[in-house]
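Biologist: Take me through this model, term by term. I want the cut-off behind each label.

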Amino acid sequence: MDKKLLTREDLLRGTNKTEKVYIESLGGEVEIRPLNEAQWAEIEAKSSDAYDIGVEPVYKNVNGKKVYDDEETQKNMKIKFNVEKGKRAEFEQCVLAVKYGLVMEITENEIRSITPPGIIKKIADEIFRISDVDKEKLEEIKSFRRK
């Protein structure tokens with residue numbers, strides 16, 4: 001397969017690609033575009049809201065002095081997944097995806113008032129798909145982080 005050398009324009013035109021998707025529960029189409037790298041990073045960062053992290057610093061005695069022990073402190077770190085915060089974080093990720101991925105201008109507050117319930121996630125899933133960050137890839141990213 002011949003490989004094309006990408007130009008600056010090729011790299012920057014990603015979010016100019018739009019697609020109309022039919023949303024059955026809305027009875028019509030919405031025009032979406034892919035997310036850019038900065039938008040995806042902001043959306044992805046929301047997932048950290050679901051974790052409660054507790055760190056108790058550990059000190060060791062070195063020549064009679066109390067010295068912070070980075071390695072033991074890291075071992076002492078406790079991370080808990082908070083299901084309620086996880087669901088809220090997932091919702092906020094979807095709100096941001098819709099905000100950035102819809103071609104129309106729309107505010108986050110307007111997005112939060114869209115009905116019926118669950119529609120924001122359906123639109124966000126389409127935006128993730130066109131952005132090439134579908135559920136499978138999202139799960140790969142999550143499982144990689146757990147290792």
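Modeller: Start with Asp70, which lies in helix 3, residues 70–75. A helix here is a DSSP run of H or I, at least four residues, and a strand a run of E, at least two, numbered from the N terminus. The model is predicted: local features need pLDDT of at least 70, side-chain atom pairs count only at pLDDT 80 or more, and totals for chains, interfaces and linings use all residues. Residues are numbered from 1 along each chain as its sequence is written, and side-chain values use heavy atoms, without hydrogens and water.

Biologist: Why is Asp70 called partly exposed?

Modeller: Its relative accessibility is 42%. Buried means under 20% relative accessible area, exposed over 50%, partly exposed in between (1.4 Å probe, protein chains only). Therefore Asp70 counts as partly exposed.

Biologist: What separates the C-alpha atoms of Asp70 and Pro57?

Modeller: 8.0 Å, with the two residues 13 apart along the chain.

Biologist: What makes a nonpolar core?

Modeller: Buried Ala, Val, Leu, Ile, Met, Phe, Trp, Tyr and Cys residues, joined through side-chain atoms within 4.5 Å. The largest has 24 residues, and Ile43, Val98 and Phe128 touch the most other members. Strand 1 (19–23), strand 2 (28–32), helix 2, helix 4 (83–101) and helix 6 (119–130) each give two or more residues. Helix 6 gives the largest share, seven residues.

Biologist: Which residues is Ile43 in contact with, leaving aside neighbours within four places in sequence?

Modeller: Contact means heavy atoms within 4.5 Å. On that test the partners are Leu35, Gln93, Leu96, Ala97, Tyr100 and Phe128.
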